[in-house]
Structures are given as C-alpha cells and as structure tokens.
Amino acid sequence: QVQLVESGGGLVQPGGSLRLSCAASGTIFSINDIGWYRQAPGKERDLVAVITSGGTTNYAESVKGRFTISRDNAKNRVSLQMNSLKPEDTAVYYCNADLIRGVGGIYRNVWGQGTQVTVSS
C-alpha cells in the first residue's frame with residue numbers, strides 16, 4: 001500500500017510565503033507525474049502545478065511566477081513553494097500522483113488527505 005502525506009499548510013498574511021511538502025510512503029519504485037491541486041469552498045478541485053518524472057513542469061495561469069514545484073525522486077517527495085500569496089489562494093491543497101509503481105503493484109490516481117492553506121490578514 002502506498003500513501004501520499006502532505007504537510008506545511010497554515011495561516012499566512014497576504015504577500016507571505018508557505019512551502020508545502022508531499023511524501024510518498026511505502027516501498028516505491030517510481031512515480032510518474034505528481035503535483036498539487038486545490039479546492040476552495042464551493043468550488044471544484046483544480047490543478048495548481050504538476051511535475052513529470054523528467055522534471056517538466058506545468059502551472060495554472062493564476063500561480064505562474066509565484067509558485068514553484070519541485071521533486072526529489074530519491075526521496076519520493078514533491079514540494080510546492082508558494083510566494084506572494086493572495087487571499088484567493090485560500091483552499092485545501094491536495095497532492096496527487098497519477099501512477100505509482102510499488103512493491104505491491106501499480107497504483108493509479110493516488111491522492112493525499114489535503115492540507116489547509118489560509119491567506120488572510
């Protein structure tokens with residue numbers, strides 16, 4: 001069994017920064033694309049940023065230039081550095097991996113439990 005565990009959320013003032021981390025647990029051989037989604041109250045869950053196993057990144061237009069996604073393949077970890085945060089960034093942030101190859105088999109569309117990010121003065 002594999003799991004994704006997020007950390008690093010919290011309350012921050014507008015203009016501030018936060019760094020989210022997501023660690024994959026279990027015996028893992030490889031992870032394909034991995035990234036972050038967010039869901040604000042009453043809204044759909046939307047893509048924030050994704051990074052491929054080769055390091056190619058893709059960002060939502062609303063976060064380009066402010067957020068940076070990175071991954072450490074050796075540690076099965078992905079991070080999201082969020083700068084210049086705005087109140088509209090407030091949401092629950094979820095880590096997602098589209099495919100994980102582990103000792104137990106292949107796991108598709110794996111989600112973490114989510115971490116709350118609140119941007120408010």
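Reader: Is Asn 76 buried or exposed?
Author: This is a predicted model, and Asn 76 sits in the loop between E8 and E9. The cut-off for buried is under 20% relative accessible area. Asn 76 has 16%, so the residue counts as buried.

Reader: What is the phi of Asn 76 near?
Author: Most residues other than glycine have a negative phi. Asn 76 has a positive value and is not glycine. Its phi is near 55°.

Reader: Where does Asn 109 lie, and is it buried, partly exposed or exposed?
Author: Asn 109 has a positive phi too, near 55°. Asn 109 belongs to strand E11, residues 105-111. Asn 109 has 48% relative accessibility, so it is partly exposed.

Reader: In what order do the strands of the open sheet of 4 strands run?
Author: Strands of a sheet pair through backbone hydrogen bonds, either parallel or antiparallel. Here the pairing is antiparallel, and the order is E1-E3-E9-E8.

Reader: Which strands are at the edge of that sheet?
Author: An edge strand pairs on one side only. That holds for E1 and for strand E8, residues 67-72. On average, neighbouring strands of this sheet are turned by 15° against each other, direction ignored. The edge strands are E1 and E8.

Reader: How many bridges join E8 to E9?
Author: E8 and E9 run antiparallel. Within this pairing, Asp 72 stands opposite Arg 77 of E9. The number of bridges joining E8 to E9 is 6.

Reader: Which residue in E9 is the bridge partner of Ala 23?
Author: E3 and strand E9, residues 77-82, pair in the antiparallel sense over 6 bridges. Ala 23 of E3 also has Val 5 as a bridge partner. In E9, the partner of Ala 23 is Arg 77.

Reader: How many bridges does E1 make with E3?
Author: Strand E1 covers residues 3-7. Its pairing with E3 is antiparallel. The number of bridges is 5.

Reader: Is Ser 21 buried or exposed?
Author: Ser 21 is in strand E3, residues 18-25. Leaving aside neighbours within four places in sequence, Ser 21 contacts Val 5, Glu 6, Ser 7, Trp 36, Arg 77, Val 78 and Ser 79. Its relative accessible area is 15%, against a cut-off of under 20%. So Ser 21 is buried.

Reader: How far apart in space are Arg 71 and Leu 99?
Author: Arg 71 is found in strand E8. Beyond its neighbours within four places in sequence, its contacts include Ile 31, Asp 33, Ile 51, Arg 77 and Val 78. Arg 71 and Leu 99 are 28 residues apart in sequence. C-alpha to C-alpha, the distance between them is 15 Å.

Reader: Which residues lie nearest the centre of the largest pocket?
Author: Rolling a probe the size of a water molecule over the atoms shows where empty space is left. The largest pocket has a volume of about 180 Å³. Its lining has 13 residues. Nearest the centre are Arg 38, Ala 40, Lys 43, Asp 46 and Glu 88.

Reader: How many residues of that lining are charged?
Author: The lining of the largest pocket divides into three classes.

Terms used
Residues numbered from 1 in each chain as written. Predicted model: local features only at pLDDT ≥ 70, side-chain atom pairs only at ≥ 80, totals over all residues. Heavy atoms only, no water. 1 Å grid on protein atoms, 1.4 Å probe; cavity = no way out; pocket = protein on both sides within 12 Å on 5 of 7 lines; lining within 4 Å. Points joined across faces, edges and corners; volume = space filled by probe spheres on them. Nonpolar A, V, L, I, M, F, W, Y, C, P; charged D, E, K, R; others polar. Helix = DSSP H or I, 4+ residues; strand = E, 2+ residues; numbered from the N terminus. Buried < 20%, exposed > 50% of the residue type's maximum accessible area, 1.4 Å probe, protein only. Contact = heavy atoms within 4.5 Å. Pairing = 2+ DSSP bridges. Axes fitted to C-alpha atoms, helices over the stretch in contact; angles between N-to-C directions.
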